[in-house]
Number of protein chains: 4
Amino acid sequence: MNQSIAIIGGDLRIVKLAEMLAKDKFSIKTYALEEAESLKKIKEITLCGTIEEALQNVDFVIGPIPLSSNKQQINTPFSKKEITLKEFALQLKGKKLIAGSIQKEFFELLQEGTEAIDLLKREELVVLNTIATAEGAIQIAMEETPRTLHGSKVLVLGFGRVGKILANMLKGIGVNVYCEARKDADLAWIKAYGYEPVRLKKMKEQLNQFDIIMNTIPALVLGKEELTKMKQDSIIIDLASNPGGVDKLEAKKQGIKMIWALSLPGKVAPITSAEFIKDTIYHVLQENEK
Amino acid sequence: MNQSIAIIGGDLRIVKLAEMLAKDKFSIKTYALEEAESLKKIKEITLCGTIEEALQNVDFVIGPIPLSSNKQQINTPFSKKEITLKEFALQLKGKKLIAGSIQKEFFELLQEGTEAIDLLKREELVVLNTIATAEGAIQIAMEETPRTLHGSKVLVLGFGRVGKILANMLKGIGVNVYCEARKDADLAWIKAYGYEPVRLKKMKEQLNQFDIIMNTIPALVLGKEELTKMKQDSIIIDLASNPGGVDKLEAKKQGIKMIWALSLPGKVAPITSAEFIKDTIYHVLQENEK
Amino acid sequence: MNQSIAIIGGDLRIVKLAEMLAKDKFSIKTYALEEAESLKKIKEITLCGTIEEALQNVDFVIGPIPLSSNKQQINTPFSKKEITLKEFALQLKGKKLIAGSIQKEFFELLQEGTEAIDLLKREELVVLNTIATAEGAIQIAMEETPRTLHGSKVLVLGFGRVGKILANMLKGIGVNVYCEARKDADLAWIKAYGYEPVRLKKMKEQLNQFDIIMNTIPALVLGKEELTKMKQDSIIIDLASNPGGVDKLEAKKQGIKMIWALSLPGKVAPITSAEFIKDTIYHVLQENEK
Amino acid sequence: MNQSIAIIGGDLRIVKLAEMLAKDKFSIKTYALEEAESLKKIKEITLCGTIEEALQNVDFVIGPIPLSSNKQQINTPFSKKEITLKEFALQLKGKKLIAGSIQKEFFELLQEGTEAIDLLKREELVVLNTIATAEGAIQIAMEETPRTLHGSKVLVLGFGRVGKILANMLKGIGVNVYCEARKDADLAWIKAYGYEPVRLKKMKEQLNQFDIIMNTIPALVLGKEELTKMKQDSIIIDLASNPGGVDKLEAKKQGIKMIWALSLPGKVAPITSAEFIKDTIYHVLQENEK
């Protein structure tokens, strides 16, 4: 590929992404990234003084992930510059923006002929990110327990994307893996992959045997009653987004160690995360090729 | 459990199922199974002389899998008796039938208050059966090749249920597993599970490296052009139901060995199959309990 | 490599080996292989009319595996010619012979400056052959049982080379693997690899739970008492060389199915076997290079 | 079991061990452990005021691991008391001591009829400890790299005990595992277990592809020349005991990150370590039973 592309704002993952795209021979114009020192020595990358210059003659624009944290400006942690969402939308006219967590309001600001693609709505990126999430959860489990994971009993709550990959990796390092699910079909999958199925209805009776419980369900599954049945020295790693799946006050009261671990991919594996974003962007480019 | 249940007709798997249910202390009345010798010595099983007698005072009736092969009579390979679908529907009045591959026409024959549940529409049974299908495919591959699977290169076409479990087992015995898919999200899953992803569009260029190709897609994927690119001594195992995924005439012409393997669970693992059916029936019973 | 090599006698694996060496650009002279049709079309291979012609100007000679079955002549299944061990030893003067199962008596026939290397004493070939042995055992288990291996309980007797690789592959396809050993250190390895350790002393009490028992110990481990404790419908696969590890008469008396499976590599995977032999010969050649 | 046993001195693992033995209904007398608060509430444990009292009427004595760090006194981190090796040897008369790293000199101090068993010479404990070592190495790799281990390329140097278990676990979480060895037989094992074999002689040419190198060889394998060939952002985890396998000064000069990780079992998994010690002690007790 030998295409021009603009990159506006963004965090460390976007910086790493710019380096990777340059290596793949894209010609890149950046704006609002002037404090990313590593980009200055790369000949394929041009730091532009204005957003207009950066956007001139390019079809594709890569923006921050997430696009904005305050609903006013786009995220530019590597810059002193401020770009409002409104201005950004105006500048993008006729181009295609690829960014993350784009809010409904921003789509409404876009002019006709402009397109915005939300990376975090791309199923393949969500799946790839679960690899880093699962590995981050395993790292935390290793750090927080005085036992080897090998040979211990771990219960994974929920058999969605994260549950599936997490169970697979846990089994790979020698854990006795138990997976909880509600649906008969999921329990059949759990059996097919060689984990021990635990039916939600019968979970309570079995809670006292686990060394670690890893939750992926974003709804209260470990309440007072469940926490009471757990082993005193077991630990809980909650991977579910707000409000999580654990009654945190109650866990504290009962002295059960709980770690609420969010946004693991960016924290434990920023480079791998950037690679996943790159792959996904390439898919988007290919789909827009003809 | 200590419930009465009727079993009418059915093949070897139904016979094995009757034995298992008896072991679990069900009281069983059978009809149209009088040639199944093993059932005669079991005290929990009563062979009835008429269908009326068998159905008396029971709520649940287990029928053949599939229910009928000729759209006239139900399947009764262990009996000289003939039972038309029409008569069977009449007798079932007010009861619940559990059978397999029940055709639309039969549902229309049922009277009010009668219910028929198709086991083969239960997702959990479909998933469990893929275990036996995958293992059967591996057995065939071992028998038909002069190489070890360990260390060989195998391409799995399609990443649906069978593709997923097959890839998992192949990797487990040391195969270099490649999985073909069309969707980016599936390719991400393939990577997450540690197989080599092969994008459908780029499959052709890679075909010459595989020792074995296993197809799970019920549509023509290996046509003349693809077959030409394969290694002369590679073999194809086609697991897809009619019409399969291979141009069979062309494969023959080119001298490429092809095995079309259908209905593997009943063939390679009848007892495990019967156990899966039993588990599924128990789920149905539990759901109907209250 | 572009070396001359002589191949004298041998079976199908030696024929396949000759084809592979020719592909790797060795120049090959054969004798006592005149009925191997596939070799006649290969330009790197010369069929010689006399053994003298074949051995002229070569340093390395590949002979049969095993060298002889009757202690009189070398094995020449692809030839009408007869070569006595005595004559063969004379002809080899000053050269290096690579063959299999070379008996002590033959070494005594060799003249000064002649060397004979027994392939089957090479540890790497023995290890590689266990891959094919393990896979052959799994194939037999799949063929002989009406259950899936996945989810079944298998006991592996002995944790030597075959036991180790067999356990690894069985676990890979979803078997619940139990390994028997006598020594504490072996039991620790078994635990480290994630199998269930079974102490020889306590084996008897546990025998009634296994679907399949695979023996690798060449000494009587399953005698009358042990056989009595096994499940009636379990099966035994005996991989141990003479006298095997099972009281065969007693097994028959008790109606327990037993398969005594020997020499699996050549039977289930002749091509992979030939490749392993080739790799080992290359190691021998490299060691003799300087 | 309902035996009396004495425990003299020792660190946190010995304290945990005492708790476990008490749970298994041993009656325990301790000396030089008076600062281990957790032991005071356990009714099976008696804190003795003198060593004579502790040793009275017991056959087995458990001592520190290692027995001594200064060749003068035994290790008593949970006590203010000092016990010289000479005095300890005298007191042990006629009993059996089980401890760790017992030096030759101590054996010479023992009186007739006294026996000392070095736990760290027990092969099964050494093997079990590799589980914790391998898991500790994986934890460090996760913490020190901005990538996921899943999908990365890792070279394991040395295929002894730690190398074997480490490779097995790394593969289990989705690493592309390469193993270096010198002997053909080890390379065959590496292939059989499904890792990529790297011959020591050819290692240098391949060094530039690895994200992480884990060394288990206690001799200089990564010197100046090797370090020069590595990727700049790769990291080295050295698990080999003194002097390790890496030229540390040179690694620093070249800016290659290196972690020298020793004594991992006690650090990352003290409870699992204590369990392994307990299992090994039970084996010793059983062997001494009759």
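**Entry 1: chain A overall**

I started with the secondary structure of chain A and counted 12 helices and 12 strands. The model is predicted, and I read everything below with that in mind. I then boxed the C-alpha atoms of chain A along the principal axes and got roughly 65 × 35 × 35 Å. Next came burial. Of the 290 residues in chain A, 52% are buried.

I also looked at contacts in chain A with a separation of 6 or more. Residues 24 or more positions apart account for 54% of them.

**Entry 2: the open sheet in chain C**

In what order do the six strands of the open sheet in chain C run? I read S3-S2-S1-S4-S5-S6, with parallel pairing. Strand S3 (45–47) and strand S6 (115–118) of chain C are at the edges with a single partner strand each, so one side of each has no neighbour in the sheet. From one strand to the next, the twist averages 25°.

I zoomed in on one pair. Strand S1 (residues 4–8) and strand S2 (residues 27–31) of chain C run parallel and are joined by five bridges. For C:Ile5, I looked up the bridge partner in S2(C) and found C:Ile28.

Then I checked what covers these strands. Helix H1 (residues 12–23) of chain C lies across S1, S2 and S3 of chain C. Its direction is at about 155° to S2(C).

**Entry 3: helix H1 in chain D**

I moved to chain D for a look at H1 itself. Helix H1 (residues 12–23) of chain D has 12 residues. It reaches 17 Å from first C-alpha to last, close to the 16 Å expected at 1.5 Å a residue.

Which residues of H1(D) are buried? I listed D:Arg13, D:Ile14, D:Val15, D:Lys16, D:Leu17, D:Ala18 and D:Leu21. The list includes D:Arg13 and D:Lys16, so I noted that burial here is counted from C-beta atoms placed from the backbone.

The buried residues of H1(D) pack against strands S1 (4–8), S2 (27–31) and S3 (45–47) of chain D. They also pack against helices H11 (264–268) and H12 (270–287) of chain D. After H1(D) comes D:Lys25, with a positive phi near 75°.

**Entry 4: helix H12 in chain B**

Helix H12 (residues 270–287) of chain B has 18 residues, which should span 26 Å at 1.5 Å a residue. The end C-alpha atoms of this helix are 26 Å apart, so the two values agree.

I noted the buried residues of H12(B): B:Thr272, B:Ser273, B:Ala274, B:Phe276, B:Ile277, B:Thr280 and B:Ile281. In an α-helix there are 3.6 residues a turn, so residues three or four places apart point the same way.

What do the buried residues of H12(B) pack against? I found helix H1 (12–23), helix H5 (123–144) and helix H11 (264–268) of chain B, along with strand S4 (60–62) and strand S5 (96–99) of chain B.

**Entry 5: where chain D touches chain A**

I counted the residues in this contact: 20 from chain D and 19 from chain A. On the side of chain D, helix H5 (123–144), helix H6 (161–172) and H12 each supply at least two residues. H5(D) gives the most, with six residues. I sorted this side of chain D by class and got 11 nonpolar, six polar and three charged residues.

I looked for cis peptides. The bond from A:Ile65 to A:Pro66 is cis, with omega near -5°. A:Pro66 is in the loop between strand S4 (60–62) and helix H3 (85–91) of chain A. In chain D, the bond from D:Ile65 to D:Pro66 is cis too, with omega near -5°. D:Pro66 lies in the loop between strand S4 (60–62) and helix H3 (85–91) of chain D.

Then I turned to positive phi in residues other than glycine. B:Ser263 has phi near 50°. I placed B:Ser263 in the loop between strand S12 (257–260) and H11 of chain B.

Is B:Ser263 buried or exposed? It has 11 other C-beta atoms within 10 Å, so B:Ser263 is exposed; the cut-off is 12 or fewer.

C:Lys71 has a positive phi as well, near 65°. C:Lys71 sits in the loop between strand S4 (60–62) and helix H3 (85–91) of chain C. I found 10 C-beta neighbours inside 10 Å, so C:Lys71 counts as exposed.

Note on methods:
Residues numbered from 1 in each chain as written. Chains lettered and ligands numbered in written order. Predicted model: local features only at pLDDT ≥ 70, side-chain atom pairs only at ≥ 80, totals over all residues. Helix = DSSP H or I, 4+ residues; strand = E, 2+ residues; numbered from the N terminus. Buried ≥ 20, exposed ≤ 12 C-beta atoms within 10 Å, placed from the backbone. Contact = placed C-beta atoms within 7 Å. Expected span 1.5 Å × (residues − 1). Pairing = 2+ DSSP bridges. Axes fitted to C-alpha atoms, helices over the stretch in contact; angles between N-to-C directions. Nonpolar A, V, L, I, M, F, W, Y, C, P; charged D, E, K, R; others polar.
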